[in-house]
Amino acid sequence: MADFNERIIEEFRANDGTVTVAGFGRSLVLLHHRGARSGVERVTPVMGLPSEHGWLIAASKGGAPENPAWFHNLLAHPDTVIETPDDGEVAVHAERLEGDTRDAAWARFVEASPGFAEYERRTERTIPVVELRRR
């Protein structure tokens, strides 16, 4: 998976946010996050949907039974930076969405890509949705 992510990151940066691998197009943001325990800086490509205050991202991890590491890292260190196709680097604050707000945001992911509905079917956990609000 690391090699796949590295290819996506390289293509994103080389093509001003456009990624042809797996048909991602301009739907990704590069999420910078710091390890909750290690403090190590990492970059992870994630689907980003525009929202009123910034971007929405979903901790789907392909429907795995556990949340992705980046989600735990954001909870520990919510002030971070993302790289976007249109705005370049943007300072953001990560806020976990709850209740009806989370459900409405999740519905946007399912509408944007049917794969998210499949991820939801594969797992028993409620997939977290995070809003990355501009700082």
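## Thr44 in strand β2

Thr44 belongs to strand β2 of this predicted model. With a relative accessibility of 15%, Thr44 counts as buried, because the cut-off for that class is under 20% relative accessible area. The side chain of Thr44 forms a polar contact with the side chain of His33, at 2.8 Å. When neighbours within four places in sequence are set aside, the residues in contact with Thr44 are Val29, Leu30, Leu31, His33 and Trp70.

## The sheet

Strand β2 is part of an open sheet of seven strands, ordered β2-β1-β5-β6-β7-β4-β3 and paired in antiparallel fashion. Two strands form the edges, β2 (41-47) and β3 (49-50), and each of them pairs on one side only. In general, the strands of a sheet pair through backbone hydrogen bonds, in either a parallel or an antiparallel arrangement.

Strand β1 covers residues 28-34 and strand β5 covers residues 79-84; the two run antiparallel and are joined by two bridges. Leu30 has Glu83 as its bridge partner in β5. Helix α2, residues 69-76, packs on the sheet and touches β1, β2, β4 (54-58), β5, β6 (88-96) and β7 (129-134). The direction of α2 makes about 60 degrees with that of β1.

## Asn73 in helix α2

Within helix α2 is Asn73. Is Asn73 buried or exposed? Its relative accessibility is 6%, so Asn73 counts as buried. Not counting residues up to four places away in sequence, Asn73 touches His33, Arg34, Gly35, Ala36 and Arg42.

## Helix α1

Helix α1 has 13 residues, which at 1.5 Å a residue should span 18 Å; the C-alpha atoms at its ends are 18 Å apart, in agreement with that expectation. The buried residues in α1 include Asn5, Ile8, Ile9, Glu11 and Phe12. These residues cover an arc of only 165 degrees around the axis and therefore lie on the same side of α1.

What do the buried residues of α1 pack against? Their packing partners are β1, β2 and β5. On the face of α1 turned away from the buried side are the exposed residues Ala2, Asp3, Glu10 and Ala14.

Asp16 follows α1 and has a positive phi, near 55 degrees. This is a positive value in a residue other than glycine. As a general rule, most residues other than glycine have a negative phi. Asp16 counts as exposed because its relative accessibility is 61%, the cut-off for exposed being over 50%.

Ala22 lies in the loop between α1 and β1 as well. Which value does phi of Ala22 take? Phi of Ala22 is near 55 degrees, again a positive value in a residue other than glycine. The relative accessible area of Ala22 is 60%, so Ala22 is exposed.

Note on methods. Residues numbered from 1 in each chain as written. Predicted model: local features only at pLDDT ≥ 70, side-chain atom pairs only at ≥ 80, totals over all residues. Heavy atoms only, no water. Pairing = 2+ DSSP bridges. Helix = DSSP H or I, 4+ residues; strand = E, 2+ residues; numbered from the N terminus. Contact = heavy atoms within 4.5 Å. Axes fitted to C-alpha atoms, helices over the stretch in contact; angles between N-to-C directions. Buried < 20%, exposed > 50% of the residue type's maximum accessible area, 1.4 Å probe, protein only. Expected span 1.5 Å × (residues − 1). Arc of directions from axis to C-beta. Polar contact = N/O pair within 3.5 Å; in protein donor to acceptor, adjacent residues only side chain to side chain.
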